[in-house]
Amino acid sequence: MIHQSCGLPAWNSSVQEEEIMATHLGSEFPWTGGKRRNCNGNIVTKINAGRITGHGLSRGTQLPGSLLQERDKRAKWHGIPTLLQKLYESSHPNSDLSNTHSLLKVLSSQLSMEAMSFVTEDRKTAQESTFPNTYTFDLFGGVDLLVEILMRPTLTMQKKKPKMNDDLVKDCLSVLYNCCICTEGVTKSLAAREDFVLFLFTLMTNKKTFLQTATLIEDILGVKKEMIQLEGIPNLSGLVQSFDQQQLANFCRILSVTISEPDVGNDDKHTLLAKNAQQKRNASPSRAEVNQVTLLNIPGFIERLCKLATRKVSEATGTSNFLQELEDWYTWLDSALVLDALMQMATEEAEQSSTESSDESSLATSPLRHRLPQSMKIVHEIMYKVEVLYVLCVLLMGRQRNQVHKMLAEFRLIPGLNNLFDKLIWRKYTASNHVVHGQNENCDCSPEISFKIQFLRLLQSFSDHHENKYLLLNCQELNELSAISMKANIPEVDALVNTDRSLVCDGKKGLLTRLLTVMKREPPDSSFRFWQARAVESFLRGATSYADQMFLLKRGLLEHILFCIIDSGCTSRDVLQSYFDLLGELMKFNIDAFKRFNKYVNTEEKFQTFMTQINSSLVDSNMLVRCIVLSLDRFENQTEDVKVMEVLSECCLLSYMARVENRLSFLFRLVNIINVQTLTQENVSCLNTSLVILMLARRRAKLPFYLSALREKEYAEKYPGCLLNNFHNLLRFWQRHYLNKDKDSTCLENSSCIPFSYWKETVSVLLGSDRTSLCAIASYIDEPFLDLDRDLLED
């Protein structure tokens with residue numbers, strides 16, 4: 001680890017200054033014209049100061065060679081400064097660089113051992129490891145020199161640019177990468193050089209140097225302060241179109257950094273206040289959004305990604321212990337790079353043409369590929385697909401979502417993934433008792449786990465509030481939905497009628513049905529349950545569809561969810577929240593679902609266990625509470641329906657929510673567990689659920705009763721004004737947040753079947769300033785406690 005304050009490594013911070021140069025700058029140096037100058041610093045300090053200020057000594061190779069040799073042994077430089085001097089002298093503009101390459105190979109061998117030790121060490125201790133050779137190489141200007149050598153062809157005025165030897169370029173890139181991973185600050189300094197970063201992309205046109213270039217670019221972009229603009233890359237469209245499928249998959253690793261908003265993995269943890277303020281400051285599209293548009297404008301880009309995501313894997317027989325092999329490989333496999341290096345050897349050995357196959361790619365026929373362990377081939381393909389699915393998922397969540405949706409449907413992404421489901425995606429059980437992994441987190445999950453999670457996230461993004469969700473079914477299942485609607489004497493939804501059946505899934509089962517099958521088999525402690533539930537829930541989200549609900553109810557989904565909540569012993573809050581949300585969408589307004597619920601929860605013990613789970617965290621379960629409240633309200637207005645009345649009288653869950661004291665209890669807690677400063681995308685649903693309870697009360701002219709109950713609760717708790725002032729502030733924020741966001745208002749209306757105009761009207765009534773109004777919050781706060789937190793929302 002390097003101390004940022006002085007630029008010296010921990011391994012010899014005190015000894016280095018004494019050993020490297022005990023001589024003060026009273027010695028004679030070429031750049032001083034033989035004059036002696038006295039300074040307090042030593043050579044290391046002077047080099048670092050020169051590199052920061054740009055004045056004086058800027059690289060160690062400016063020192064006399066005799067001095068470097070004299071101090072080499074004592075400072076334990078291993079001859080690196082002397083080799084760098086020779087490298088510098090041999091790499092002048094008119095040199096043929098043959099001697100340069102020989103010297104670089106010697107240096108590379110010294111540095112590669114340190115890089116290898118970094119890669120193979122435990123990452124927790126790697127940051128404390130010491131890499132003296134790499135540090136010395138950088139200190140004496142090695143990194144800057146290699147950048148100069150690489151970029152030299154771009155500086156010539158000749159029309160025909162001189163071409164550097166491919167092997168020299170590869171070795172330069174490899175040494176730079178070794179320096180990046182072993183010496184702190186190198187990656188950041190390279191990232192700060194915009195000209196060099198853009199230049200690296202031009203090296204990707206050469207297949208022989210592609211892998212080394214991609215590796216270095218990925219490392220640099222990971223630390224770059226400002227996201228790179230893809231439109232600034234020279235001839236980006238031509239570059240991408242020149243890639244074969246293997247290169248394109250690797251390029252997706254780079255693209256993932258350029259199209260994702262920063263900290264997207266922790267999006268729920270950012271307060272809505274902070275996010276709204278940021279949106280005000282940055283009204284124009286972000287760099288990530290601009291980059292997404294740039295990619296979508298590249299001809300054939302999405303089509304090729306769909307082919308990569310859905311291509312089959314060439315599988316050999318006899319892999320009886322796949323999981324054990326996979327685990328063995330993963331102990332040393334940090335990324336796709338090691339596999340790519342081996343695959344590159346295979347490609348070179350076979351000397352194949354660059355013509356790619358749309359199905360298996362040119363890799364499938366490589367001799368070395370057949371000699372690699374079967375699990376390695378599969379992991380290689382899985383790693384490619386992880387990167388591709390991630391890029392597709394991000395694009396699906398962007399502003400061009402409808403354009404992306406249209407292309408993914410046209411290029412049959414969903415049917416292709418359906419055909420891979422049993423053979424690759426869920427071919428084996430994979431243990432996943434980790435924490436729930438986020439979209440963009442640096443976790444230690446295996447390639448197989450990452451692949452499954454990315455697949456499930458893609459399904460979630462694809463289905464969420466979009467009519468293309470019916471592409472997850474096959475023709476027979478679509479007919480089943482039509483039959484359900486006909487039997488219930490309700491019209492088919494437009495999205496179902498308009499679905500292009502030539503684009504739906506093939507085979508006996510659609511993708512949604514296959515997902516339900518593996519979902520039921522998943523162990524209780526598996527984190528896959530979270531993503532599986534999210535993917536299925538997204539299919540139900542939006543305007544409630546009775547046919548969609550019945551399709552899933554007939555496949556035993558409700559009983560499976562209740563088993564997980566009540567009987568499985570599941571304790572993961574993330575998994576439980578996903579099941580509460582799914583259960584809410586599955587049961588909303590569906591009298592058959594409540595009847596099935598009552599049949600499964602057939603004892604007081606089961607019901608109490610269920611309610612305990614709900615009450616243990618309302619942030620997690622409030623969407624289900626909202627569903628029950630909304631459904632109860634609708635059922636109570638269907639008094640002429642004998643079936644509804646029968647379920648209303650028998651269902652323990654509806655009977656529980658029908659008691660006003662229970663609804664008030666939920667309202668108290670929902671308002672009390674949030675405030676404006678702590679509102680996030682995750683818990684803002686608590687505010688909306690409390691509003692639903694009050695809107696339904698207002699419909700029945702019971703709003704004053706509920707507000708009076710809140711006031712009584714305050715005084716009972718000896719905190720007069722606290723609860724109502726907090727709610728008042730929350731509603732003021734609600735107006736600011738939702739009246740400017742069309743998508744969120746549409747979601748509220750679709751999920752509740754309450755017109756958004758009634759939401760706005762109810763909030764305005766509650767925030768009324770007339771203290772004589774029985775429906776205004778202000779009427780229930782005594783004067784001394786009124787507007788306790790008036791300045792909370794002030795800009």
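This report walks through a predicted model of one protein chain, from the overall picture down to single residues.

## Ground rules

Residues are counted from 1 along each chain as its sequence is written, and side-chain values use heavy atoms, with hydrogens and water left out. As the model is predicted, local features need pLDDT of at least 70 and side-chain atom pairs count only at pLDDT 80 or more, while totals for chains, interfaces and linings use all residues.

## The whole chain

Let's start with the big picture. The chain has 42 helices and 0 strands; here helices are DSSP runs of H or I with at least four residues, strands are runs of E with at least two, and both are numbered from the N terminus. Of its 795 residues, 54% count as buried. Buried means under 20% relative accessible area, exposed means over 50%, and partly exposed is anything in between, worked out with a 1.4 Å probe on protein chains only.

Contacts (heavy atoms within 4.5 Å) say something about how the chain folds back on itself. Among contacts with a separation of 6 or more, 75% come from residues 24 or more positions apart.

## Helix α39, one side in and one side out

Helix α39 covers residues 703-716, which makes 14 residues. From first C-alpha to last it reaches 20 Å, close to the 20 Å expected at 1.5 Å a residue (the expected span is 1.5 Å times one less than the number of residues). Its buried residues are Leu703, Tyr706, Leu707, Ala709, Leu710 and Glu714. They sit on the same side of α39 because they cover an arc of only 155° around the axis, the arc being that of the directions from the helix axis to the C-beta atoms. Behind this is a general point: an α-helix has 3.6 residues a turn, so residues three or four places apart point the same way.

What do the buried residues of α39 pack against? Their partners are α37, α38 (684-699), α40 (722-738) and α42 (756-766). The face turned away from the buried side carries the exposed residues Glu712 and Ala716. Lys713, also in α39, counts as partly exposed at 31% relative accessibility.

## Helices α34 and α37 side by side

Two packed helices are described by the angle between their axes and the distance between the axes. For α34 (residues 618-636) and α37 (residues 660-672), the angle is about 145° and the axes are 12 Å apart. Axes here are lines fitted to C-alpha atoms, for helices over the stretch in contact, and angles run from 0 to 180 degrees between N-to-C directions.

Which residues of α34 and α37 meet? On the α34 side they are Leu618, Asn622, Val625 and Leu632, and on the α37 side Arg663, Phe666, Arg669 and Leu670. This contact divides into 5 nonpolar, 1 polar and 2 charged residues.

## Helix α7, mostly tucked away

Helix α7 (residues 132-139) is largely enclosed by the rest of the structure, because 7 of its 8 residues are buried. Those are Asn133, Thr134, Tyr135, Thr136, Phe137, Asp138 and Leu139. After the helix comes Gly141, with a positive phi near 85°.

## Positive phi beyond glycine

Most residues other than glycine have a negative phi. His465 has a positive one, near 50°. It is found in the loop between α24 (447-463) and α25 (475-487) and is partly exposed at 28% relative accessibility.

The ends of α39 bring up this topic again. Ala701, in the loop between α38 and α39, has a positive phi near 60° and is exposed, with 64% relative accessibility. Just after α39, Lys718 takes a positive phi of about 60°.

## Two residues up close

Is Gln292 buried or exposed? Gln292 is buried, at a relative accessible area of 5%, and lies in helix α16 (residues 287-296). Leaving out residues up to four places away in sequence, Gln292 touches Ile259, Val394, Leu395, Gly398 and Arg399.

Arg501 sits in the loop between α26 (494-497) and α27 (511-521) and is partly exposed, with a relative accessible area of 34%. Setting aside neighbours within four places in sequence, Arg501 is in contact with Cys475, Leu478, Asn479 and Ser482. Arg501 and Asn474 are 27 residues apart in sequence, and their C-alpha atoms are 8.1 Å apart.

How values were computed. Nonpolar A, V, L, I, M, F, W, Y, C, P; charged D, E, K, R; others polar.
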